[in-house]
Amino acid sequence: MLTVASTASLRVYVSEWENGRRTISSHYAKILRALLGITDDELAGGSQPPLALTTADGYDELIARIDEAENVSLTMVKTFMEQTELLRTIDRQMGAASLVDQMTAHLTRLEDALTFAVLPETRRPVALALAGAATLAAWQALDVGAADRAWRHYELGKRAAQEAEEPMYLAHATAEQAYVLCDAGRPEMAVQLVRDAQRLGGKGMSPRLRAWLYAAEAEICARAGLQNECRQALELAMRHLPAGQEARDPDMLSIFLNEGHLTRWRGNALALIGDAEAVDSLYAALETTDPTFIRSSAGLHCDLAQAHLARGEHDQAQKHLRQAQLVASRTRSVRHRRRIEQLTQRL
């Protein structure tokens, strides 16, 4: 028979044995957790409710955007291009300063459409529309004095033209980008860039665009002080310009060039190099200028002022500077205002 003392001893023994078993179990559990990479509850067979699958991983939204871009039809692309044309018309007649927000929103919509378009047959038409819009936005940015934004828009236009496989649009954006370099004080580099634009356009360019590129080269050469090369480029521009009064290039809607436009451009280049013939060309252009090209009329009056200054005719120069100032104030053209200030300092 167990005594009270022996019973107590047995209880102590059992308690110690159970504690030891728990210690051993805990030791092995630790090893198992390390080997299996699981928790105590998982080792003991317990379970926790599974984590809820997240629905914010972005795939649903991505697919929705891709499906939306796939549904961008040729009709929608035509609408984009019509919007660009409307913005171009307003810019030509009223200036770029009031169009910054509209142009930014327009580019954003086109960039989004291109970003989420997947297949080439969907991407190319959108890219073409973006190339035209970005180049217009770049010229507007240059007009309001935002040189950095202009440069970035030209880069966007060039990338879009490459995506669309449209060398004419690539050549046009590249040539206009050369004007940013000119305004930044790098006319020699600008000459190289405008000539590279002619190479990028290749043999498939329209005659009107080729004439436009030569005229741009002539102006930029004049600003670089390359008088002979300026005259040579003007001759090439005249040689390639199609006959007739039509100014719009059906293959490049951003190009306006006929004999009247080129006469003004010729006068501009000759005025920059101080050629006496500039005055006659510029007055001929003044008589035939398109009245809807309001912003460019400021440039024409600046050209006339510069041509008169080259001949020492300060009164006439001052008269045209006043006209240029009125138009520049109306269109809020920072680029023209800067030129007016430079010419005024020479009076």
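**Cores and contacts**

Student: In the largest nonpolar core, which residues touch the most other members?

Tutor: The largest nonpolar core holds 79 residues. Such a core is a set of buried Ala, Val, Leu, Ile, Met, Phe, Trp, Tyr and Cys residues joined through side-chain atoms within 4.5 Å; buried means under 20% relative accessible area, exposed over 50% and partly exposed in between, with a 1.4 Å probe and protein chains only. The members that touch the most others are Leu-209, Trp-212, Leu-213, Ile-220, Cys-230, Leu-257 and Trp-265.

Student: Which helix gives the most to this core?

Tutor: Helices (H or I, at least four residues) and strands (E, at least two) are DSSP runs, numbered from the N terminus. The helix that gives the most to this core spans residues 120–143 and supplies 13 residues; it is helix H6.

Student: How many residues does the other core have?

Tutor: Another core lies apart from the largest one. Ala-305, Ala-317, Leu-321 and Ala-328 are among its members, and its residues number nine.

Student: With which residues is Trp-265 in contact?

Tutor: Contact means heavy atoms within 4.5 Å, and here the neighbours of Trp-265 within four places in sequence are left aside. The partners of Trp-265 are then Tyr-179, Trp-212, Ala-215, Ala-216, Glu-219 and Leu-257.

Student: On what basis are such values given, and what pLDDT do side-chain atom pairs need?

Tutor: Residues are numbered from 1 along each chain as its sequence is written, and side-chain values use heavy atoms, with hydrogens and water left out. This is a predicted model, in which totals for chains, interfaces and linings use all residues, local features need pLDDT of at least 70, and side-chain atom pairs count only at pLDDT 80 or more.

**The chain as a whole**

Student: What percentage of the residues of the protein chain count as buried?

Tutor: The protein chain has 16 helices and two strands. Among its contacts between residues at least 6 apart in sequence, 63% join residues at least 24 apart. Of its 347 residues, the buried share is 43%.

**Pairs of helices**

Student: Are H6 and H7 roughly parallel or roughly antiparallel to each other?

Tutor: The axes of H6 and helix H7 (residues 147–164) come within 7 Å and cross at roughly 160°. Axes are lines fitted to C-alpha atoms, for helices over the stretch in contact, and angles run from 0 to 180 degrees between N-to-C directions. Angles under 35 degrees count as roughly parallel, over 145 as roughly antiparallel, 65 to 115 as roughly perpendicular and the rest as oblique. H6 and H7 are therefore roughly antiparallel.

Student: How many nonpolar residues are in the contact of H6 with H7?

Tutor: Ala, Val, Leu, Ile, Met, Phe, Trp, Tyr, Cys and Pro count as nonpolar, Asp, Glu, Lys and Arg as charged, and the others, Gly among them, as polar. In the contact of H6 with H7, three residues are polar and four are charged, while the nonpolar residues number 16.

Student: Is Gly-157 buried or exposed?

Tutor: Gly-157 lies in helix H7. Not counting residues up to four places away in sequence, Gly-157 touches Ala-131, Ala-134 and Thr-135. Because its relative accessible area is 0%, Gly-157 is buried.

Student: Which residues in H16 does H14 meet?

Tutor: The axes of H14 and helix H16 (residues 334–344) come within 10 Å and cross at roughly 15°, which means that H14 is roughly parallel to H16. From H14, the contact draws on Arg-295, Ala-298, Gly-299, Cys-302, Asp-303, Ala-305, Gln-306 and Leu-309. Their partners in H16 are His-336, Arg-339, Ile-340 and Leu-343.

**Loops**

Student: Which residues does Phe-293 touch?

Tutor: Phe-293 lies in the loop between helix H13 (278–288) and helix H14 (294–310). With a relative accessible area of 13%, Phe-293 is buried. Not counting residues up to four places away in sequence, Phe-293 touches Arg-92, Phe-256 and His-261.

Student: What is the phi of Glu-165?

Tutor: Glu-165 is found in the loop between H7 and helix H8 (167–183), and at 53% relative accessibility it counts as exposed. Most residues other than glycine have a negative phi. Glu-165, though not a glycine, has a positive phi, near 60°.

Student: What is the relative accessible area of Arg-332?

Tutor: Arg-332 lies in the loop between helix H15 (314–331) and H16. Its phi is positive, about 55°, although Arg-332 is not a glycine. Arg-332 is partly exposed, because its relative accessible area is 44%.
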